Amino acid sequence: MAQLLRELRLAAGLTQAQAAAAVGITQAGISEMENGARGLDLLVVRDLVNLYGADWPAVIVELDRRIAAGLTPAKALMKPKP
């Protein structure tokens with residue numbers, strides 16, 4: 001989600017400071033969210049998505065797609081039995 005938020009902000013042409021001011025948090029807060037150093041508040045994420053002009057349901061679908069694509073099933077990590 002952190003990377004997706006950054007991509008959306010950049011696509012909207014906003015700086016971290018502009019995004020932060022619009023949703024009432026600090027620029028450092030936006031930076032920490034985008035770098036994964038801070039937990040994400042769902043309501044703040046929704047506000048950012050709206051600010052960036054993105055479609056909330058489409059963002060959730062994309063997030064789900066990215067999560068699914070990045071997961072490696074545990075079975076695939078197992079060594080073959082001799």
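This is a predicted model: local features need pLDDT of at least 70, side-chain atom pairs count only at pLDDT 80 or more; totals for chains, interfaces and linings use all residues.
Residues are numbered from 1 along each chain as its sequence is written, and side-chain values use heavy atoms, with hydrogens and water left out. Local features require pLDDT of at least 70 and side-chain atom pairs count only at pLDDT 80 or more, whereas totals for chains, interfaces and linings use all residues.

Helix H1 spans residues 2-12; helices are DSSP runs of H or I with at least four residues, numbered from the N terminus. Within H1, Ala-2, Leu-4, Leu-5, Leu-8 and Arg-9 are buried (under 20% relative accessible area with a 1.4 Å probe and protein chains only; exposed is over 50%, and partly exposed in between). Viewed down the axis of H1, these residues fall within an arc of 165 degrees, so they line one face of the helix; the arc is that of the directions from the helix axis to the C-beta atoms. The buried residues of H1 pack against H2, H3, H4 and H5. After H1 comes Gly-13, with a positive phi near 75 degrees.

Arg-9 has a relative accessible area of 6% and is therefore buried. Beyond its neighbours within four places in sequence, Arg-9 is in contact (heavy atoms within 4.5 Å) with Leu-14, Thr-15, Gln-16, Ala-19, Ile-30, Glu-34 and Tyr-52. By comparison, Arg-65 in helix H5 is partly exposed, with a relative accessible area of 48%.

The largest nonpolar core contains 14 residues, and Leu-5, Leu-8, Met-33, Leu-48 and Val-49 have the most contacts inside it. Such a core is a set of buried Ala, Val, Leu, Ile, Met, Phe, Trp, Tyr and Cys residues joined through side-chain atoms within 4.5 Å. Two or more residues are given to this core by each of H1, H2 (16-23), H3 (27-34), H4 (42-51) and H5 (56-70), and H4 supplies the largest share, 4 residues. Not counting residues up to four places away in sequence, Leu-5 touches Met-33, Glu-34, Leu-40, Val-45, Leu-48, Val-49 and Tyr-52.

The axes of H2 and H3 come within 8 Å and cross at roughly 110 degrees. Axes are lines fitted to C-alpha atoms, for helices over the stretch in contact, with angles from 0 to 180 degrees between N-to-C directions. H2 is therefore roughly perpendicular to H3 (65 to 115 degrees). Gln-16, Ala-17, Ala-19 and Ala-20 of H2 meet Gln-27, Ile-30, Ser-31 and Glu-34 of H3.

How values were computed. Angles under 35 degrees count as roughly parallel, over 145 as roughly antiparallel, 65 to 115 as roughly perpendicular and the rest as oblique.
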